[in-house]
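The sequence and the model come first, and the description follows.

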Amino acid sequence: MTQQATAAALDDVRVLDLAGEIGQYCTKLLADLGADVIKIEPPGGDPVRALPPFYHDEQDPQKSLYWLNLNTNKRSITLDLDKPEGRVLFERLVATADIVVETGDPGYLDGLGLGYEGLSAIKPDIILTSITGFGQTGPHAHYKAPDIVGVAMGGVMWLAGDPADPPNLAPLKQGFTSSSIMGAAGTMMALYHRDVSGEGQHVDVSMQESLSMAQETAMQTWDMLEALRTRNGHRGIIPIDIPGIGPYECNDGWVYGFVGAPGGATWGALRDWMAEEGMAENLTEEPYTEFIDNLNLRFLTTFAEEPAEIPKKMQMLSHIHDVLTKFVAGKGRWEMYEGAQGRRLLFGIVSTPEDLANSPQLKFRNWLTPVEHPELGETLEYPGTPYRLSETPWAIRSRPPLVGEHNREIFGDELGVTEDEWNALEASGAV
Amino acid sequence: MSAKLPLEGLKVADFSWFGAGPICAEHLATYGATVVRIESETKIDALRTVAPFAKDKTGYNVSGYFNNYNAGKLSIALNLNTDEGQKIAHKLIEWADVFLTNITPRVIERWKLTYDDIVKINPEIIGAYQPMQGYDGPHRDFLGFGAVLTPITGYNHLSGFPERPPFGLGTNYPDYVINPGHTLIAILAALRHKRRTGKGQFVECVQLESSAAPLAPAIFDYTANGRVQTRSGNGLPYAAPHNAFKCQPASDGGRPMDERWVAIACFTDEEWSAFVEAIGSPEWTGDAKFATLEARKENETELDENVSAWTADKNAFEVMHDLQKQGVPAGVVQSARELLDIDEHIKERGFYVYLDHPEAGRTAYDGPPFRLSKTPGKLRSPAPMLGEHTEYVTKEILGLKDEEIADLMVAGALQ
């Protein structure tokens with residue numbers, strides 16, 4: 001798959017990045033496609049630099065792995081937009097920019113004269129992307145929205161968890177991630193339109209809306225049938241326990257089965273595998289032989305047709321589940337995953353972060369991406385690309401910036417701020 | 001407002017199925033592209049056969065699961081296992097600017113629809129592929145779809161409470177926003193490059209890579225520190241409280257569907273003080289055990305019990321509104337019912353779109369996932385019925401004559 005790279009898709013695009021945590025994956029996506037993303041940090045640095053985990057657990061603005069991941073390829077300047085001197089410099093930057101990404105409370109930038117109207121007066125074809133919990137309009141527009149509020153209000157939390165527990169929060173800020181992904185897509189859409197028509201515009205992204213499509217069929221199930229999907233623990237969408245479907249514990253972790261799904265081998269193939277290893281017990285005898293031969297997704301749809309048969313069927317399913325549980329318990333998770341896949345049986349490994357880092361597939365594809373950090377005296381392995389483009393590849397071209405690392409380069413060399421002006425700005429606290 | 005949508009005139013041959021591909025193509029249609037969905041009665045998109053179905057209706061055209069992801073598209077029925085069907089596929093590839101598929105590499109090779117195959121037909125085409133694990137590598141041909149992809153990509157291990165098995169998020173989570181969203185970004189990048197240079201390219205959005213990317217902080221913690229993070233419930237190390245709390249039920253049936261929960265989170269001292277005030281400063285809030293974030297983290301179980309005791313007899317929506325008024329982050333753990341029927345904010349923004357479908361009737365669709373002020377996307381038509389536009393596509397788009405179409409039907413190509 002190595003093909004000659006010729007350009008980056010956004011190599012002529014400048015982005016001013018005012019984004020807080022909810023929008024930093026958006027500007028990372030743009031930066032990794034080649035945009036010149038100028039991160040505007042408040043003097044003292046972006047508060048997201050304080051979030052764990054840290055490199056070697058050393059709490060330091062330059063060592064937050066969480067922050068580093070979100071800020072590859074960006075340049076950093078410090079600028080206080082609440083100070084008039086800061087705003088003047090920002091306006092000079094806007095004149096050179098294509099896109100501004102911000103995540104402030106709706107109306108905050110308008111109050112500074114830097115909302116869409118103000119920005120487009122400076123740069124008529126500017127694209128302003130606003131990413132917030134609930135979007136720019138509506139009664140909840142000003143609600144405070146950390147990730148958990150978006151995941152709750154977007155319907156995704158309702159569907160996750162065991163009925164005995166509180167609904168489960170999706171891990172690692174999926175509300176923020178979804179908002180950023182849709183923020184980047186909306187920005188790229190607006191950019192395409194600008195390229196064609198010369199017209200800029202305001203892109204409005206709501207965390208609640210961008211995440212809510214991940215409710216799967218819950219919305220339509222309520223709309224069409226007035227039936228409510230709820231959190232159902234390990235059973236997910238299937239209301240009864242079916243052997244081979246769901247999590248099974250190995251001797252060193254877990255796998256997750258979906259045996260009998262279209263395209264994969266049948267339960268019979270799993271029984272044969274267990275028999276080969278002397279672990280099938282009585283599943284190779286009647287009545288189990290015939291029962292297992294008929295154990296497929298169609299089985300589920302006819303399960304309740306003969307109510308008198310249900311207790312017997314449940315008992316047999318439970319026994320098959322026990323035999324399988326013992327079989328899986330004797331294996332390692334990679335052994336079970338690769339062994340099952342080799343037989344076209346649908347099992348997936350329940351990957352830990354370690355499994356992802358060491359995955360033979362991701363290793364083969366060089367997914368982890370080394371980035372040199374001279375200040376740490378080390379090369380860190382960054383999690384890699386979400387997509388590969390043969391002509392305009394994703395790339396990490398520079399490590400995330402130090403706080404204000406590019407102040408002189410951008411203000412001095414590029415905007416032509418003089419030494420005297422610079423000293424006055426420093427004295428005012430605007431940079 | 002601009003008269004033209006951004007992608008008006010763009011032609012997309014959507015050879016995808018299930019979730020990640022069709023959703024991506026739907027967004028392209030929403031912003032103006034002409035999207036032809038290539039389907040077959042002989043290899044039906046399984047989502048057409050999966051519930052929910054419009055009330056008291058059956059058949060391939062009434063699944064809410066399928067319909068929600070395919071608004072605004074044209075559908076042609078085409079059997080790619082026939083020579084004549086292959087020829088029509090080639091004509092569609094010749095016509096298209098973008099080719100999209102998430103069908104497994106083995107089948108794509110059998111149908112001769114790899115990127116190397118399609119550039120021979122259309123040298124400027126953008127070929128977007130969403131294989132499960134990639135077009136190369138030792139696990140290239142591993143089976144999988146959402147239910148198994150979610151655990152493989154790391155979500156199950158990291159989701160939920162530590163004492164529970166890793167059952168995941170109750171859905172095929174990365175299928176719906178993460179993978180279609182990443183693919184959409186990649187296609188838009190490729191379109192921009194094509195506009196600048198005239199060149200198409202090979203776009204590979206591997207579902208394993210795309211799904212794992214948002215789990216970066218945990219993967220990075222391993223590669224840099226050797227630490228293996230695991231699921232840890234609803235908490236965050238730098239907020240307390242940070243959980244969902246049970247409120248007065250919506251009705252007293254005692255089933256999970258009758259429950260109501262509210263998420264509450266305090267990150268700063270200001271938020272905590274505002275929370276204490278909002279709940280009337282009960283005695284326990286004065287205890288040193290809860291005075292600082294560090295202390296609240298240490299005593300979080302007790303903290304959560306106290307907060308639960310306060311929420312237990314309250315209406316979740318009132319808790320949210322009251323706390324938000326005081327500057328405390330709070331949100332109802334909404335069900336789909338609440339999103340569709342109760343959420344005043346969603347209603348005012350008009351997020352859900354109701355479309356009239358000839359067989360399924362009037363049903364709700366997810367609206368555009370982002371809003372462009374001058375070129376707002378629009379779901380222009382309901383999901384197509386299987387093969388609804390076979391005649392239109394063959395005749396009007398591909399310019400075939402009536403007798404050619406008749407021959408294709410006789411050859412079994414249009415099914």
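This is a predicted model: local features need pLDDT of at least 70, side-chain atom pairs count only at pLDDT 80 or more; totals for chains, interfaces and linings use all residues.

How are α1(A) and α7(A) oriented to each other?

**Two helices in chain A**

Helix α1 covers residues 24-32 of chain A, and helix α7 covers residues 174-197 of chain A. Their axes come within 7 Å and cross at roughly 45°. An angle between 35 and 65 degrees counts as oblique, and α1(A) and α7(A) are therefore oblique to each other. The crossing in which α1(A) passes α7(A) is right-handed.

On the side of α1(A), the residues that take part are Tyr25(A), Cys26(A), Leu29(A) and Leu30(A). They meet Phe176(A), Thr177(A), Ser180(A), Gly183(A), Ala184(A) and Thr187(A) of α7(A). Sorted by class, this contact has six nonpolar and four polar residues, and no charged residues.

**The contact between the chains**

Chain A contributes 132 residues to the contact, and chain B contributes 125 residues. On the side of chain B that touches chain A, the largest share comes from helix α8 (residues 178-197) of chain B, with 14 residues. That side of chain B has 70 nonpolar, 38 polar and 17 charged residues.

| Strand in chain A | Strand in chain B | Bridges and direction |
|---|---|---|
| β6(A), residues 202-206 | β12(B), residues 371-372 | two bridges, antiparallel |
| β12(A) | β6(B), residues 202-204 | two bridges, antiparallel |

**A sheet with strands from both chains**

β12(A) belongs to an open sheet of seven strands, in the order β12(A)-β6(B)-β5(B)-β4(B)-β1(B)-β2(B)-β3(B), with mixed pairing. The edges are β12 (388-389) of chain A and β3 (74-77) of chain B; each has a single partner strand, so one side of each is left without a neighbour in the sheet. Helix α1 (residues 20-30) of chain B packs on this sheet, where it touches β1 (11-14), β2 (34-39) and β4 (98-101) of chain B. The direction of this helix makes about 160° with that of β1(B).

**Domains of chain B**

The domain assignment divides chain B into domain 1 (11-214 + 352-410) and domain 2 (242-338). The C-alpha centres of domain 1 and domain 2 of chain B lie 41 Å apart.

Notes
Residues are numbered from 1 along each chain as its sequence is written. Chains are lettered from A and ligands numbered from 1 in the order in which they are written. Two residues are in contact if their C-beta atoms, placed from the backbone, lie within 7 Å. Helices (H or I, at least four residues) and strands (E, at least two) are DSSP runs, numbered from the N terminus. Ala, Val, Leu, Ile, Met, Phe, Trp, Tyr, Cys and Pro count as nonpolar, Asp, Glu, Lys and Arg as charged, and the others, Gly among them, as polar. Two strands pair if DSSP finds at least two bridges between them. Domain bounds come from an automatic or database domain assignment. Axes are lines fitted to C-alpha atoms, for helices over the stretch in contact, and angles run from 0 to 180 degrees between N-to-C directions. Angles under 35 degrees count as roughly parallel, over 145 as roughly antiparallel, 65 to 115 as roughly perpendicular and the rest as oblique. A crossing is left-handed if the near helix is turned anticlockwise from the far one by less than a right angle, and right-handed if clockwise.
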